[in-house]
Amino acid sequence: MKKTIKYLFVLELLILITTLISFDFFINMQLAALSSFLIIAGSSYAYKKMIKSQVELENIDEKRDFLDEVEDPYELYDDTPINDAPAEKLDLKAIVKEEKKRIKILNLADIKKGSRASVSLFRLAPYLFLILGFIALKNNELLDIKVYLPSLIIGIVAGYFISKDSSFKIKS
């Protein structure tokens, strides 16, 4: 936790020094860096929290390669034979029924499971801050896009270091 506070303190100190340049420069840099930092840190925290809960529930699925899923989503070209019997003795109706069972239908439980991390408050609040900050700068005619866009990188780098910090990890 001390490293996290040190990173934030150094980041804010560097941004505060920009008031010597101008207030417009400072406010653009402050909002851009802080919003991108909060997005990276919040996303990282939400993802780590979701992974920890899945590990605790032992809900770990054996997954195929991503390329295999794209090329063969229904596992039609799987190497395991359906039946070793000769072609004349195969029961095609049974094979079709078995294959229909293997096709995964999108259901509400899968949608809820997949959207937990993306709809987390830790991810939505920083994006709201980014949007409202941008609108506030634009409406008050303080937005300087030449300062704002490069300042996003500062927050991304700081968020990366915070998310890699061992004290930021979820405690067991």
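This is a predicted model: local features need pLDDT of at least 70, side-chain atom pairs count only at pLDDT 80 or more; totals for chains, interfaces and linings use all residues.
Author: Residues are numbered from 1 along each chain as its sequence is written, and side-chain values use heavy atoms, with hydrogens and water left out.

Reader: Why is I131 called partly exposed?

Author: Buried means under 20% relative accessible area and exposed over 50%, with partly exposed in between (1.4 Å probe, protein chains only); I131 has a relative accessible area of 47%, and is therefore partly exposed.

Reader: Which residues make up the largest nonpolar core?

Author: L11, I15, F26, M29, A33, F37, A41, A158 and I162 do, nine residues in all, where a nonpolar core is a set of buried Ala, Val, Leu, Ile, Met, Phe, Trp, Tyr and Cys residues joined through side-chain atoms within 4.5 Å. At least two residues each come from α1 (2-17), α2 (23-56) and α7 (145-164), these helices being DSSP runs (H or I, at least four residues) numbered from the N terminus. The largest share, five residues, belongs to α2. Another core, of six residues, lies apart from it and includes I27, L31, L137 and L152.

Reader: How confident is the predictor in the protein chain, and where is confidence lowest and highest?

Author: On pLDDT, the predictor's confidence in each residue from 0 to 100, the protein chain has a mean of 79, and 72% of its residues reach 70 or more. Confidence is lowest in helix α5 (residues 108-115), at a mean of 61, and highest in α6, at 93; I131 is found in helix α6.
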